[in-house]
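Good morning, and thank you for coming.

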Amino acid sequence: MLKKLNGTIVTHLAITLSLNISATLLSLLIQHFGFTEVNVVVIYILSVLLTSRYTKGYTYGIVASVISILSFNFFFTEPLYTFSVDDRNYIFTFMVILFAAIFTSALTSKLIYSKELADEREKQSQILYEITSSLAKTGGVTDVATVSAQCLSSLLGCDTTFIVINQKENTVQKLTAPKSGRGITVKDINSEDIETITANHYTFPITVRGKRVGLVCLPKELETMTKENRFLLDSVIMQITIATQREILTAEKETAKAETERERLKSSLLRAISHDIRTPLTGITGAAEMLLQKLKDEENIKLVQGIFEDSGWLIRLVENILNLTRIQEGHLAINIQLEAAEEIVAEAVSRASKYAPNHKISISVPDDVLFIPMDGKLIIQVLINLIENAVKHTTPSDEINISVWLEGRKAWFEVSDNGTGIDLHDLPKLFDMFFIARSTHIDAERGIGLGLAICKAIVNFHGGEIMVENNNVRGSTFRFFLNI
Amino acid sequence: MGILFLIVEDDRKIRKFINFSLRSQEYDCIEAATGKEAMRLITTQNLVAIILDLGLPDMDGVELIKQVREFSDIPIVVVSARDQDNEKVEALDAGADDYLTKPFSIKELLARIRVVLRHSNDNKKEDAPVVYRVADLEVDLEKHKVTLEGKDIHFTPMEYNVLTLLIKNSGKVLTHKYILKEVWGTYLDSEIQSMRVFMASIRRKLEKNPAKPRYILTEVGIGYRFADE
């Protein structure tokens with residue numbers, strides 16, 4: 001370091017002296033050809049100017065001007081070849097040379113300094129730009145790490161290590177870019193080794209959403225660096241963090257997308273099957289109905305009645321499955337609108353009573369029309385399922401009551417019957433998928449335990465809750481609320 | 001030549017079922033499995049009504065309705081699945097007279113057909129009645145008077161207009177859009193809600209229990225129907 005400094009001083013002194021000697025020689029030459037002294041003065045000023053330009057700081061400029069004055073005095077003023085001055089005019093000339101020299105050298109050195117600064121800044125932004133643009137082309141966190149390590153190693157001229165911490169898969173990778181060349185070495189390491197590596201290096205953590213996802217490790221010596229370099233390094237680290245964050249978020253989005261795609265495929269499959277089942281079922285129901293009109297024999301009528309009822313039941317099941325797939329598909333398939341509670345209940349009752357024409361269903365709704373945001377078809381499905389469940393637990397002589405009322409911001413729907421009620425053991429599991437109540441008597445219509453589970457799914461999707469309890473005397477009550 | 005129906009349906013079993021239902025009422029039927037064939041029959045045969053499945057293999061059912069409506073007022077009853085509400089509404093707005101949701105029973109089909117036949121006869125007579133009587137309800141269009149079980153009921157002019165529109169088309173489903181256009185003169189989605197409030201208030205004046213309507217039935221997601229039977 002010191003040697004280098006000495007070297008510069010020697011060089012600069014050499015420049016100063018040689019320019020002065022050249023000026024003196026040139027002056028002697030032009031004097032010989034009979035030019036006036038004024039030209040000599042100008043040549044000396046020029047030499048001082050050149051000195052300032054090609055040396056650092058303004059010390060050399062001042063030194064050069066002093067030497068120039070002395071040389072001018074020695075070679076060109078009477079008495080010649082002495083440092084004494086006869087004509088007082090020359091004192092004034094010396095002063096002018098001195099001031100001109102100091103002024104110009106201060107100016108030039110300042111100019112040189114700002115140019116150097118600008119050059120430095122430009123170089124920094126060039127480096128930053130290169131790093132940013134190569135990071136922009138990366139795909140995947142490992143790629144980001146590779147590019148970052150290589151860029152840093154060529155920028156700082158040292159070995160650079162990038163440790164990639166994958167928290168999801170619990171793996172740690174160590175990528176090292178050597179000082180020389182563009183190669184990179186990749187090594188899987190244990191998470192315990194991270195501490196030892198960070199202890200021996202000047203380390204910058206890369207953090208995404210509060211989680212440490214990577215570490216940039218530089219040689220310890222770099223801990224002391226200039227403010228400019230430090231600033232540059234910080235900017236580079238920032239760029240690396242942004243790139244890593246981008247890659248992690250993209251990866252997460254991809255995973256989420258793949259998952260929804262899978263879900264969608266599943267429910268589209270289910271829906272396609274349901275659709276295809278529905279068409280022949282409609283045919284079967286229709287054919288059975290035609291036969292019912294034609295047949296006269298009591299026994300045959302009973303058989304066909306069975307076909308008719310069962311195919312109707314299957315159609316309702318398919319309807320339920322189709323609604324379930326809509327819930328699973330989420331917001332896109334669901335159409336939330338304001339619906340009048342009375343209209344929804346009326347539709348549900350009129351459809352449900354097609355299958356239970358003998359049951360009496362009484363309804364009570366509030367005096368003021370109640371508009372509730374919901375997917376009307378889905379809530380109709382909930383009510384139909386609850387009514388069917390009530391029908392299953394009652395005989396036509398029992399009562400089924402449906403009521404709707406408003407309580408604060410909640411609209412309550414209730415389906416209550418005075419039938420057989422529900423086995424106490426079954427109550428907690430009633431809304432589970434594929435649960436079939438044990439108390440169901442042998443003759444009862446079959447179930448695969450979907451109806452109530454779908455009710456729960458639909459109500460929960462609307463932000464409401466569904467519950468059931470046995471009545472004090474007989475039967476049970478299902479109720480659910482929707483938010484207004 | 002009896003009363004001749006056209007059944008346009010690509011599913012053979014459902015076609016047979018509709019055919020059977022109609023024949024049981026002594027109606028005659030011809031069948032078409034594609035839209036093209038249907039168009040040929042509509043233009044060549046003297047039909048009374050068309051029963052049309054919206055999901056045809058060769059053309060959009062709604063498109064077929066539009067084409068037919070360019071030259072004929074023949075009643076059209078649309079048949080479709082429950083999850084095709086939008087298509088139903090489109091079909092009704094394009095000029096279909098009514099709809100049926102699969103699976104439907106013989107009873108439902110015949111009820112719809114009776115309504116469309118009656119309306120097409122009414123239109124031919126051109127002297128629409130002045131007083132409508134349905135069960136306990138009586139609406140006198142000349143005197144602007146509505147009585148239920150003999151008692152006068154007061155309606156605001158707007159409510160009265162909605163009620164008369166419904167009762168003139170009793171048995172037929174009227175879409176939200178149709179009612180808005182006829183009564184309010186405009187069609188904006190935002191107005192559907194205010195129309196529903198009107199409906200609720202009319203219902204409260206007519207019905208003993210608005211959730212068990214006798215007169216004004218709601219077709220959820222589609223519109224309203226005045227029950228006449």
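I begin with B:Leu137, which touches B:Leu148, B:Leu206 and B:Tyr215, not counting residues up to four places away in sequence. Two residues are in contact here if their C-beta atoms, placed from the backbone, lie within 7 Å. This is a predicted model, in which local features need pLDDT of at least 70 and side-chain atom pairs count only at pLDDT 80 or more, while totals for chains, interfaces and linings use all residues. Residues are numbered from 1 along each chain as its sequence is written, and chains are lettered from A and ligands numbered from 1 in the order in which they are written.

B:Leu137 belongs to strand S7 (residues 137-140) of chain B. Helices (H or I, at least four residues) and strands (E, at least two) are DSSP runs, numbered from the N terminus. Is B:Leu137 exposed, partly exposed or buried? It counts as partly exposed, because it has 18 C-beta neighbours inside 10 Å. The rule is that a residue is buried if 20 or more other C-beta atoms lie within 10 Å of its own, exposed if 12 or fewer, and partly exposed in between, with C-beta atoms placed from the backbone. Between B:Leu137 and B:Gly150 there are 13 residues in sequence and 8.1 Å in space, C-alpha to C-alpha.

In the loop between S7 and strand S8 (145-148) of chain B we find B:His144. Its phi is positive, about 55°, although B:His144 is not a glycine. B:His144 is exposed, with 11 other C-beta atoms within 10 Å. A second case is A:Arg209, with phi near 50°, in the loop between strand S4 (201-208) and strand S5 (211-219) of chain A. A:Arg209 is likewise exposed, with 8 other C-beta atoms within 10 Å. Chain B also has a cis peptide bond, from B:Lys102 to B:Pro103, with omega near -10°. B:Pro103 sits in the loop between S5 and helix H5 (106-125) of chain B. For context, most residues other than glycine have a negative phi, and most peptide bonds are trans.

Let me turn to strand S4 (residues 76-80) of chain B. Of its 5 residues, 4 are buried. Which strands pair with S4(B)? Strand S3 (residues 49-53) of chain B runs parallel to S4(B) and is joined to it by 4 bridges, and strand S5 (residues 98-101) of chain B pairs with S4(B) in the parallel sense over 4 bridges. Pairing requires that DSSP finds at least two bridges between two strands. On one side B:Leu52 stands opposite B:Val78; on the other, B:Ser80 has B:Thr101 as its bridge partner. S3(B), helix H3 (residues 61-69) of chain B and S4(B) form a right-handed β-α-β unit. Right-handed means that, with the strands pointing away from the viewer, the path from the first strand over the helix to the second runs clockwise.

The largest nonpolar core has 51 residues, of which B:Val8, B:Ile51, B:Leu52, B:Val77 and B:Val78 touch the most other members. It draws at least three residues from each of domain 1 (4-125) and domain 2 (131-226) of chain B, the bounds coming from an automatic or database domain assignment. A nonpolar core is a set of buried Ala, Val, Leu, Ile, Met, Phe, Trp, Tyr and Cys residues joined through C-beta atoms within 7 Å. Beyond four places in sequence, B:Leu52 is in contact with B:Val8, B:Gly61, B:Leu64, B:Ile76, B:Val78 and B:Val79.

In chain A, helix H10 (residues 376-392) has 17 residues, of which 15 are buried. From its first C-alpha to its last H10(A) reaches 24 Å, close to the 24 Å expected at 1.5 Å a residue; the expected span is 1.5 Å times one less than the number of residues.

Finally, the contact between the chains takes 26 residues from chain A and 24 residues from chain B. Elements giving two or more residues to the side of chain A that touches chain B include helix H7 (227-294) and H10. The largest share of that side, 9 residues, comes from H7(A). As for the chains as a whole, chain A has 11 helices and 12 strands, and chain B has 8 helices and 12 strands.
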